[in-house]
Amino acid sequence: MGQHTWFYKDKNLYKEHQLLWERLDNPNLYLDDLEILQIENRLDEIDRLNKTDYHNCFRTSKRESSNGQYTLDVIYSRQECKQWLKNNYDTISDLNQECLDRFWNDFPNGVIDFG
């Protein structure tokens, strides 16, 4: 068994999602209740817009060398994906290449991350 692979339609939506979560998690940033609600609503909207039917086209056992936690790798293109799979071949399980190819064909501006 390995970490899940999560698939997103659009890298701009993915990046916005990550930035909004960073704002919510920033202990040095004061957000009032309305600001928090607005961010949470936008996060929900992004989740709806970015939802794909793809999940776990492959799994990985790769971990961060510094702390053993899930890998922080993010894949932003088909080419990066090919290189990532090649470089991490020994950590990959359950690779469904057909599913992966369909994802990149359907969403060439897509993103894959792990968790």
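Mentor: Let's begin with a word we'll need: a residue is exposed if its relative accessible area is over 50%, and buried if that area is under 20%. Keep in mind that we're looking at a predicted model.

Trainee: Okay, let me try that out. Why is D94 called exposed?

Mentor: D94 has a relative accessibility of 54%. The cut-off is over 50%, so D94 counts as exposed. You'll find D94 in the loop between β4 (92–93) and α4.

Trainee: What makes the backbone of D94 worth a look?

Mentor: D94 has a positive phi, about 55°, although it is not a glycine. N56 also has a positive phi of about 55° without being a glycine, and N56 sits in the loop between α2 and β2.

Trainee: Can we zoom out for a moment? How many helices and strands are there?

Mentor: The protein has 4 helices and 5 strands. Starting at the N terminus, they come in the order β-α-α-β-β-α-β-α-β. Of its 115 residues, 33% count as buried.

Trainee: Which strands make up the open sheet, and in what order?

Mentor: There are 3 strands in the open sheet, ordered β1-β5-β3, with antiparallel pairing.

Trainee: What makes β1 and β3 the edge strands?

Mentor: β1 (5–8) and β3 (74–75) each pair on one side only, and that puts them at the edges.

Trainee: How do you know that β1 and β5 pair?

Mentor: Two strands pair if there are at least two bridges between them. β1 and β5 are joined by 4 bridges, so they meet that rule. In one of these places, W6 has D113 in β5 as its bridge partner. Helix α4 lies across β1, β3 and β5, running at about 135° to β5.

Trainee: Now the cysteines. How do you know that C57 and C99 form a disulfide?

Mentor: The sulfur atoms have to be within 2.5 Å. Between C57 and C99 the S to S distance is 2.2 Å, so the pair passes the test. This bond links distant parts of the chain, 42 residues apart: C57 is in the loop between α2 (33–50) and β2 (59–60), while C99 is in helix α4 (residues 97–106).

Trainee: Are these two cysteines buried or exposed?

Mentor: C57 comes out at 1% relative accessibility, so it counts as buried. C99 has 10%, so it counts as buried too.

Trainee: Let's move to the rings. How many aromatic pairs are there?

Mentor: The structure holds 11 aromatic pairs.

Trainee: Why do Y54 and F107 count as a pair, and of what kind?

Mentor: Ring centres must lie within 6.5 Å, and planes over 60 degrees apart count as edge-to-face. The Y54 and F107 centres are 6.2 Å apart and the planes are at 85°, so they make an edge-to-face pair. These partners sit 53 residues apart, with Y54 in the loop between α2 and β2 and F107 in the loop between α4 and β5 (111–114). Y54 and F107 are both buried.

Trainee: What makes F58 and F114 a pair, then?

Mentor: Their ring centres are 6.0 Å apart and their planes are at 65°, so this pair is edge-to-face as well. F58 is in the loop between α2 and β2, F114 is in strand β5, and they are 56 residues apart. F58 has a relative accessible area of 0% and is buried; F114, at 9%, counts as buried.

Trainee: Which residues do ring pairs link into a cluster?

Mentor: That cluster is made of F7, Y54, F103, W104 and F107.

Trainee: How do you know that K15 lies over the face of Y76?

Mentor: K15 is 5.4 Å from the ring centre of Y76. The distance limit is 6 Å, and there's an angle limit of 35 degrees from the ring normal. K15 is listed as lying over the face.

Trainee: Last one: why is H17 called buried?

Mentor: H17 has 12% relative accessibility, so it counts as buried. H17 is in helix α1 (residues 11–25). Setting aside neighbours within four places in sequence, H17 is in contact with L43, I46 and D47.

Technical notes. Residues are numbered from 1 along each chain as its sequence is written. This is a predicted model: local features need pLDDT of at least 70, side-chain atom pairs count only at pLDDT 80 or more; totals for chains, interfaces and linings use all residues. Side-chain values use heavy atoms; hydrogens and water are left out. Helices (H or I, at least four residues) and strands (E, at least two) are DSSP runs, numbered from the N terminus. Buried means under 20% relative accessible area, exposed over 50%, partly exposed in between (1.4 Å probe, protein chains only). Contact means heavy atoms within 4.5 Å. Rings of Phe, Tyr and Trp (its six-membered ring) pair if their centres lie within 6.5 Å; planes under 30 degrees apart count as stacked, over 60 as edge-to-face and the rest as tilted. Axes are lines fitted to C-alpha atoms, for helices over the stretch in contact, and angles run from 0 to 180 degrees between N-to-C directions.
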